[in-house]
Amino acid sequence: MRTNGRMGTAAIGAALLIGCVSGPAVSDEAADAGTAHGSAQARVLVFSKTAGFRHDSIPEGITAVRELGAAHGFRVDATEDAGAFTTRNLGRYAAVVFLSTTGDVLDPAQQTAFERYIGRGGAYVGIHAAADTEYDWAFYGGLAGAYFQSHPAIQPATVDVEDHAHPATAALGATWNRTDEWYNYRSNPRARAHVLASLDESSYSGGTMNGDHPIAWCQNYRGGRAFYTGGGHTKESYAEPAFRQHLLGGIRWAIGEAQADCRPENGYRPLFDGSSLDGWRQAGPGSFERGADGTLTSSGGMGMLWYADRSFGSYSLKLDWRTDGASGDDNSGVFVGFPPSDDPWSAVNNGYEIQIDATDVPERTTGSVYGFRSADIRKRDRALNPPGEWNTYEIRVEGERLRVWLNGVRINDFTNTDPARSLKDGHLGIQNHGADDRVSFRDVRIKELPARTAGTAAPPTGD
């Protein structure tokens, strides 16, 4: 929703600089001008030391990361010298890529330096045999997410993409068919990490994870960020455009150039997964166009697509959204807590809208409870991806309390005190605002929460 008193368009995001590739990375000199977080050009260290099996694809992997850095604005150093793992030297890097490392590659002092680096906001990117590394170092096992157990022969398999908003998987379809060496893991990381993609064990032979087989995931870990992909055994992987884009997205998220919700996600059921609009109805003018990629894109208005099948009381609603215009001056919103009606203004007058519009005044801009409470603008701006990239909302309603997370960061906490409105029972909807506003949605899912009575302590929020 938007009023006429709109502020001028604000620039969102910053252009990436195109940079060169740097040399060896074992110096312990002071950080230079283009080093770690917040610098003009992020720096990435690729570490490929092996103390066990050595993959012959490591040179191709290093070349691929160097080329991605040169094309997308981050500098790349590569080393197999564990002496690079000092507190001072690691501070130069926005992320450290463990590229098919194997065995015990760091001594205790180097491990301590790396733990300190992660605790200070550093990032880890693990590729393939990074899961076959440091079995006796519990910190590393938690950071990687899971340890290698076994693998069948190299063969084609189908990868099911579970997260379509994370930059590592946003460019992929619902399934991804490719050939690689497919690892089985000693444990399932799903309870601790956010799974981005998993293997369809019926599509190949040799899977041992009982039909729930994560193959790529991300997490926030002890102050830092961690991304892992099980792909990358073969030399051919690093020439494969989709796999290179997958790696690039993981690195961009790790170094903070793109944001995503990497909290564990379990127990949600789809309200719209791209396959059916059963239970949904259009209220008012305009519509939503269904795309072959599972998206809903607003067209015309001012109307609303609402979930008429049933109302909800206590719940966590998640959905991915993207503004499609280059300026970010697209308007939409997510409505909650309104009574059933085919008049979209009923939702405006009786419910609450979590706004999508990066160019309005604070209480009517992205992340705000429209007209009632502004988002935390500083946190919102840091969490928000620019136009054309996906964002994820979590809207959590418990009693009359409404909280909003953007890409895993809590940006709003609002409590209804209006006796004429109530969040305790109501419907959900997404707005198609007008002919000039193009906003896309996908993967609308919900998890119902236990109803809380007065005086009951709130459960942990996970942020």
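**Close-up views of a predicted model**

View 1. Just after α5, Gly-256 has a positive phi of about 85°. The model shown here and in the other views is predicted.

**View 2. Helix α5 and its surroundings.** Helix α5 covers residues 241-254, 14 residues in all. From its first C-alpha to its last, α5 reaches 20 Å, close to the 20 Å expected at 1.5 Å a residue. Because 11 of these 14 residues are buried, α5 is largely enclosed by the rest of the structure. Buried here means under 20% relative accessible area. Among the buried residues of α5 are Phe-243, Leu-247, Leu-248, Ile-251 and Trp-253, and also Arg-244, His-246 and Arg-252.

**View 3. An open sheet of 9 strands.** The strands follow the order β2-β1-β3-β4-β11-β10-β9-β6-β7, and their pairing is mixed. β2 (74-79) and β7 (175-180) are the edge strands, each pairing on one side only. On average, neighbouring strands are turned by 20° against each other, direction ignored.

**View 4. Strands β4 and β11 within the sheet.** β4 (residues 123-127) and β11 (residues 224-229) run parallel and are joined by 5 bridges. Ile-127 stands opposite Thr-229 in β11.

**View 5. The second largest pocket.** This pocket has a volume of about 470 Å³. Its lining consists of 22 residues, and Glu-162, Asp-163, Glu-265, Asp-443 and Arg-445 lie nearest the centre. The elements giving two or more residues to the lining are β9 (194-199), β12 (269-272) and β24 (439-448). Of these, β24 gives the most, with 4 residues. By type, the lining has 11 charged, 7 nonpolar and 4 polar residues.

Technical notes. Residues numbered from 1 in each chain as written. Predicted model: local features only at pLDDT ≥ 70, side-chain atom pairs only at ≥ 80, totals over all residues. Heavy atoms only, no water. 1 Å grid on protein atoms, 1.4 Å probe; cavity = no way out; pocket = protein on both sides within 12 Å on 5 of 7 lines; lining within 4 Å. Points joined across faces, edges and corners; volume = space filled by probe spheres on them. Nonpolar A, V, L, I, M, F, W, Y, C, P; charged D, E, K, R; others polar. Expected span 1.5 Å × (residues − 1). Buried < 20%, exposed > 50% of the residue type's maximum accessible area, 1.4 Å probe, protein only. Pairing = 2+ DSSP bridges. Axes fitted to C-alpha atoms, helices over the stretch in contact; angles between N-to-C directions.
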